[in-house]
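Open the model in your viewer and keep the selection tool at hand.

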Amino acid sequence: PTVLREVIIEVPEVHWDDIGGYDTIKQELREIVEWPMKYKHYFDELGVEPPKGILLFGPPGVGKTLFAKAVATESGANFIAVRGPELLSKWVGESEKAIREIFKKARMAAPCVIFFDEIDSIAPARGSRLGDSGVTDRMVNQLLAEMDGIGTLKNVVVMAATNRPDILDPALLRPGRFDRIIYVPPPDLKARIEILKVHTRKIKLGDDVNLEELAKKTEGYTGADLAALVREAAMLALRETIKEKTPKAKPVSWKHFEEALKRIPPSLT
Ligand code: ATP
C-alpha cells in the first residue's frame with residue numbers, strides 16, 4: 001500500500017503549442033505515439049506495430065519532460081512521471097515491486113504514458129554501475145519484463161529521458177523496448193524565438209522588446225534558461241512598478257531583458 005500511494009497519475013495540460021520550436025520532433029512524436037493511441041484500429045487493420053518505448057536524449061532543460069507531457073495531453077492519455085533517482089531512494093529494497101506497481105497503475109489508467117526521467121540512474125549498463133548494482137539489475141530486468149509484457153495492450157506507452165544515453169544498459173535499446181531514440185538538441189535561433197514567444201504570451205511587453213534580437217543574444221540558453229530569463233525580466237519590471245507605485249504596471253521592456261541577461265547565464269557552452 002505504501003508503494004501504491006507513491007505512484008501519482010496526472011492529467012497533464014501541456015499542448016504542442018506550449019513547446020516552442022522543434023517541429024520535426026513534435027511531428028515524429030505525433031506519428032509514433034499519438035497516432036497509435038488515437039487510430040489504434042487503423043494500425044491493427046494494417047498490421048503495423050507501433051513502437052513501445054521512446055527514449056528522448058539531450059541536455060537538461062531542453063524540454064524532454066514537456067514533450068512527454070504534451071504527448072499524453074494531446075493523445076488524451078493519463079501521465080505517470082517517475083524520476084529514476086526517486087525510485088532508488090524511495091523504494092529501497094522494493095525496486096521490482098515499484099516498477100510492477102507503476103505498470104499496474106498505468107494499465108488501470110490506460111490510455112497512459114509512463115515517463116521515466118533520468119532513466120540512466122536505474123538502468124546503467126552492467127559493469128559501469130556504482131554502488132548496489134543488484135538493485136539496478138533487478139530494476140532493469142523488471143522494466144524489461146514489463147515492457148515485453150505490454151504486448152497487445154498498446155494503450156500504455158513508455159517514454160524515458162536521459163542526458164547520458166551512452167551509459168544505458170544496451171538491453172533497453174533492443175527492438176520492442178526503447179526502440180525509438182530521439183535527440184532533443186539545444187534550441188537553435190529559430191527555436192529560441194518560438195520559446196520566447198511561448199513564455200511571453202501572457203506578459204505585457206514594452207514596444208522596444210524585439211524577441212528576435214533577444215534570441216540572437218541567447219546562444220547556449222536552453223528552454224528552461226529562456227523561461228527563467230523571461231521570469232527574471234518580468235520580476236524586474238514588477239519591482240520597479242511596486243517601488244514607484246505607478247497607477248498601471250510597467251511593461252517588461254528591453255532594459256529589463258538586458259539586466260536579466262546579466263543575471264541568468266546560459267547553462268550550455
Ligand atoms: P531535465 O532533463 O532537467 O528534466 P528537460 O529536458 O526535461 O530537463 P523540461 O523539464 O521539460 O526539460 O523543461 C523545463 C522547463 O523549461 C519547462 O517547464 C518549460 O518552462 C521550459 N522549456 C524547456 N523547453 C521548452 C520549449 N521548447 N518550449 C517552451 N518551454 C520550454
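The lining of the second largest pocket in this predicted model is made up of 7 nonpolar, 6 charged and 1 polar residue. The volume of this pocket is about 250 Å³. Select Glu6, Ala81, Val82, Arg83 and Glu86: of the 14 lining residues, these lie closest to the centre of the second largest pocket.

Next, colour strand 3 (78-83), helix 5 (84-90) and strand 4 (112-117), each of which supplies at least two residues of that lining. Which of these elements gives the most? Strand 3 does, with 4 residues in the lining of the second largest pocket.

Now move to the largest pocket, which has a volume of about 360 Å³. Select Gly61, Val62, Gly63, Lys64 and Thr65; among the 23 residues that line the largest pocket, these lie nearest its centre.

Colouring the lining of the largest pocket by class gives 10 nonpolar, 8 polar and 5 charged residues.

Last, colour the whole chain by pLDDT. The average over the protein chain is 89, and 93% of the residues score at least 70. For the complex, the predictor gives an ipTM of 0.96 and a pTM of 0.91.

Terms used. Residues numbered from 1 in each chain as written. Predicted model: local features only at pLDDT ≥ 70, side-chain atom pairs only at ≥ 80, totals over all residues. Heavy atoms only, no water. 1 Å grid on protein atoms, 1.4 Å probe; cavity = no way out; pocket = protein on both sides within 12 Å on 5 of 7 lines; lining within 4 Å. Points joined across faces, edges and corners; volume = space filled by probe spheres on them. Nonpolar A, V, L, I, M, F, W, Y, C, P; charged D, E, K, R; others polar. pLDDT = per-residue confidence, 0-100.
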